[in-house]
Amino acid sequence: MPKVALNFEDGVTRFIECGPNELLVDAAYRARLNIPMDCRDGVCGTCKCYCESGLYSMDSYIDDALTEDEALQGYVLTCQMRPESDCVVSVPATSTLCKSGPSSFGACLSEVRHLSDTTIGFTLELDDPDSLTFLPGQYMQVSVPDTACSRAYSFSSRVNGGRIDFLVRNIPGGLMSTYLSHRASPGDRLSMQGPSGAFYLRELQRPALFLAGGTGLAPFLAMLDHLKEWGGSSHPIHLLYGVTRDEDLVEVVKLQEFAEVIPEFSFDVCVADAASNASRKGFVTDHFGPEDLHDGDSDVYLCGPPPMVEAVRRHFETIGVKPASFHYEKFNASEAVQ
Ligand SMILES: Cc1cc2nc3c(=O)[nH]c(=O)nc-3n(C[C@H](O)[C@H](O)[C@H](O)COP(=O)(O)OP(=O)(O)OC[C@H]3O[C@@H](n4cnc5c(N)ncnc54)[C@H](O)[C@@H]3O)c2cc1C
Ligand code: FES
């Protein structure tokens, strides 16, 4: 039976045995290891790891979850990977995170904020606030009341007085969007499963560039809320927040407040719409160059719609500078996550 060494980010290695033709995530679960995972369908990319050595086959997946280039470099989706020989796999998460199984949390809806025509903020009051810990940038599966469905949402704050915030794009006709726009009322019961995701703020060892697209701002708000609590950073952090139209621009006052209290933090906004009043027009890629990447000595974090990730990758190639690390979360649609 193939043996797989799982190397976690904190330096811990665990060995697990895979049955013949067994998926790596299933073998990991038998060993009580919770590798970051969401759809199990090769759609979301959450379970992406790097296979340093060994032979394996992959079932099916979509390009948004794992590009052809990534697959050629050795990246794998562990929900689709069947080890065929001993393998070494790097997991982009700490061992502590992977040992704890996904937990369920009960909560009451405490507030819904219609921040603009396109964006809704909501706050949950947790039944047991002390039991919820997460890494800033991670997300939860949040149930849609009166349905059997859930949707993935990044936390947009830390737990504060037993409450936690989320920031959601209002998609006309969308299941959660319709609930939040038309039916939600304070006191509604919701449940959450998680936390999940490998998109979280690592210890800052060099300047960081945060790139947010639309409600992809959410995990950065949580990171900034934590940085505020931790007393900031000794390295510069710059956020570029890009949206399509002026009405998509939300929480700018909150960003200004963060900029006032978090040492080394600054931000700019840009709007793609040519008719916008914003001083910076265009996409985030129109507004950063080699100097903003400190000629490669920087960490880049990106969260937004899937095409933004590829646009930023191409931009790195165009300007000829690759950051020291590139972490990203794609807000994929939830067809596969009923
Ligand atoms: C890891 C992760 C974290 C996420 N975090 C957030 C977050 O913090 N905030 C947030 O707003 N969203 C986030 N999303 C997206 C979110 O999970 C839902 O997909 C989204 O809110 C739509 O849900 P809905 O129920 O309103 O619409 P649905 O009922 O799921 O969809 C209705 C229709 O809209 C389409 N659609 C769904 N999403 C999009 C989209 N983004 N762009 C264009 N069309 C779409 C669907 O294909 C469908 O046709 C995240 C997704 C992932 C995978
Ligand atoms: S969990 Fe593997 S691609 Fe979604």
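**Entry 1: E251 and its partner**

I looked up E251 and found that the residue counts as buried at 17% relative accessibility (buried means under 20% relative accessible area, exposed over 50%, partly exposed in between, with a 1.4 Å probe and protein chains only). The side chain of E251 meets that of K254 in a salt bridge of 3.6 Å, N to O; the term stands for a side-chain nitrogen of Lys or Arg within 4 Å of a carboxyl oxygen of Asp or Glu. K254 is partly exposed, with a relative accessible area of 25%.

I note that this is a predicted model, in which local features need pLDDT of at least 70 and side-chain atom pairs count only at pLDDT 80 or more, while totals for chains, interfaces and linings use all residues. Residues are numbered from 1 along each chain as its sequence is written, chains are lettered from A and ligands numbered from 1 in the order in which they are written, and side-chain values use heavy atoms, with hydrogens and water left out.

**Entry 2: other salt bridges**

I recorded a count of 18 salt bridges. One of them joins the side chains of R40 and D26 at 2.6 Å, N to O. This pair links distant parts of the chain, 14 residues apart: D26 is in helix α1, and R40 is in the loop between α1 (24-30) and β3 (48-53). Helices (H or I, at least four residues) and strands (E, at least two) are DSSP runs, numbered from the N terminus. R40 is partly exposed at 37%, and D26 is partly exposed at 27%.

I also found a network of salt bridges that links K48, E70, E310, R313 and K330.

**Entry 3: the open sheet**

I traced an open sheet of five strands in the order β2-β1-β7-β3-β5, with mixed pairing; two strands pair if DSSP finds at least two bridges between them. β2 (13-17) and β5 (75-77) stand at the edges with a single partner strand each, so one side of each lacks a neighbour in the sheet. Strand β1 (residues 3-8) pairs with β2 in the antiparallel sense over five bridges, and the bridge partner of N7 in β2 is T13.

I checked strand β9 (residues 119-126) and found seven of its eight residues buried. β9 pairs with strand β12 (residues 163-169) in the antiparallel sense over seven bridges.

In helix α5 (residues 218-230), ten of the 13 residues are buried, so the helix is largely enclosed by the rest of the structure. Just after α5, G231 takes a positive phi of about 90°.
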